[in-house]
Amino acid sequence: MVTLTGAEISKHNTKESCWVIVHGKAYDVTEFLPEHPGGQKIILKYAGKDATKEFDPIHPSDTLDKYLPADKHLGGVDMASVKTDPQEEELMDELELARIERVKRMPPVSQCYNLLDFEDIARQTMKKTAWAYYSSGADDEITLRENHAAFHRIWFRPKVLVDVSRIDLSTTMLGCTSSVPFYVTATALGKLGNPEGEVVLTRAAYRENVIQMIPTLASCSFDEIVDAKQGDQIQWLQLYVNQDREITRKIVQHAEKRGCRALWITVDAPQLGRREKDMRSKYDEQAANVQDNESTVDRSQGAARAISSFIDPALSWKDIPWFQSITKMPIVLKGVQRAEDAIKAVEYGVDAILLSNHGGRQLDFARPGIEVLAEVMTALRQHGYEHKIEVYIDGGIRRGTDILKAICMGAKGVGIGRPFLYAMSTYGETGVVRAMQLLKDELAMNMRLIGATKISDLDESFVDVGSIATHTNVPRDHLSSQAYDRLVTPPFVKS
Ligand SMILES: Cc1cc2c(cc1C)[n+](S(=O)(=O)[O-])c1c(=O)[nH]c(=O)nc-1n2C[C@H](O)[C@H](O)[C@H](O)COP(=O)(O)O
């Protein structure tokens, strides 16, 4: 194939003829423009130019090979001839320079003593778009903060004079053995935080014998993440169901063929939530027209909306038998939020449920998973169903004690999201391993202190959950309290 020059490519910079460069190769994306889930605007911004930097964090490396017809692959580019327009270069404004200075002053990973240390360092050192995407919750982020706060309403009832010389943290989840009762949950766009993306989590999970859930919206391709697993490492698949069920069937059956051990169907996101920190970040212009008819979509929906227009809002209970017909993997409903649906899940023959509000990123004022757990376990026991389904929770889990409380209340295991993202974004694989080890140390110590030696010892007698549902001090609604009594011009109004 002929090598193209930058000058030739720069001529194709319109809707009528749109060529982009990715990793030194040129692609004609003119016909693809209307189909791009992230809208046309972001591609047109890089029409006739090198789009690699923008492309990488959002798209698995095999995206163009998979979705762009071969005749649109135009061949190699003489990159020396490609002009980098100084205006286009990410301006090293003083904020970015200050951020780089903070990265240089970051403490060594050994100075991280708990999961929240990683969050504090990430907030100071991550690129603002990555921090915005990872940290954001829906609307006023009340549920985001309540997820962690809810654990403070549960108190322990420790046993004494128990021989706790030997502690065993191992367990099984969905028939898979695990060194601990927690797993790495599915979180999208790993390359926003670390250029290697989700494979960093894969390597750390292998080193600590922790199960990893592979996200549908990963930055790495599914096969890259599976190829990165070692030995008999266990991975699960998290699925956003596509409006085109044929695409979904292919994804599920490919995952099973590649050795995934469970299918976690996300049921709390018929549409991705409104995450305002994410919306304020640079995705504003690109979030633009995720639908063709631009007039119907609010332009500033952030990365979340830009990558999720394929999700099927019509997904319903009637789809469960179809899933059971296309795979032998255990099926988990990820995002159940009330006892009635837990009972329904048992009656549909689902293998497990995850009580979750998506890390507070979907419906604000959805209850924390740990609170729903109390309601669900009571209902399952009333129906005699408590041994018919495994129950998991996630959201706001930051301490070994949070995990122990959930297990004592009947959870089989818990998912952890942001802490591992923050650890990966700041310290890479070493950071994630450190985070997992800190949790293991906390778990072992706290098991000893409550008088338990193995996971199967843990039951409701160890906890007092009497005030779990009392929402006396709801997390503060910062925005409205500022806006309501704000006496000075809002900060966002440029003076
Ligand atoms: C933090 C985070 C969470 C995401 C996530 C991305 C991020 C950055 N994404 S999202 O872009 O669509 O919202 C996913 C996702 O791909 N699929 C999913 O099922 N859950 C997604 N979740 C929810 C996640 O699986 C857990 O439910 C949540 O992270 C648990 O809360 P903590 O972060 O507090 O541990």
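Reply: A search of the whole structure, which is a predicted model, finds 11 aromatic pairs. Take Y133 and Y134. Their ring centres are 6.4 Å apart and their planes meet at 55°, so this pair is tilted.

The charged end of R361 sits over the Y133 ring, 4.9 Å from the ring centre.

Elsewhere in the list of rings, there is a cluster. Y183, W236, W264 and Y392 are linked into it by ring pairs.

R361 leads on to the cavity. The structure holds 1 cavity of 30 Å³ or more. The lining comprises 29 residues. R361 is among those nearest the centre of the cavity, along with T185, A186, T187 and H358. So the arginine whose charged end sits over the ring of Y133 is also a lining residue close to the cavity centre, because lining residues have an atom within 4 Å of a cavity point and R361 is listed among those nearest the centre.

Which elements supply at least two residues each to the lining? They are α7 (128-135), β15 (413-416) and α19 (418-450). Of these, α19 gives the most, with 3 residues.

Notes
Residues numbered from 1 in each chain as written. Predicted model: local features only at pLDDT ≥ 70, side-chain atom pairs only at ≥ 80, totals over all residues. Heavy atoms only, no water. 1 Å grid on protein atoms, 1.4 Å probe; cavity = no way out; pocket = protein on both sides within 12 Å on 5 of 7 lines; lining within 4 Å. Points joined across faces, edges and corners; volume = space filled by probe spheres on them. Helix = DSSP H or I, 4+ residues; strand = E, 2+ residues; numbered from the N terminus. Phe/Tyr/Trp six-rings, centres within 6.5 Å; stacked < 30°, edge-to-face > 60°. Lys NZ or Arg CZ within 6 Å of the ring centre and 35° of its normal.
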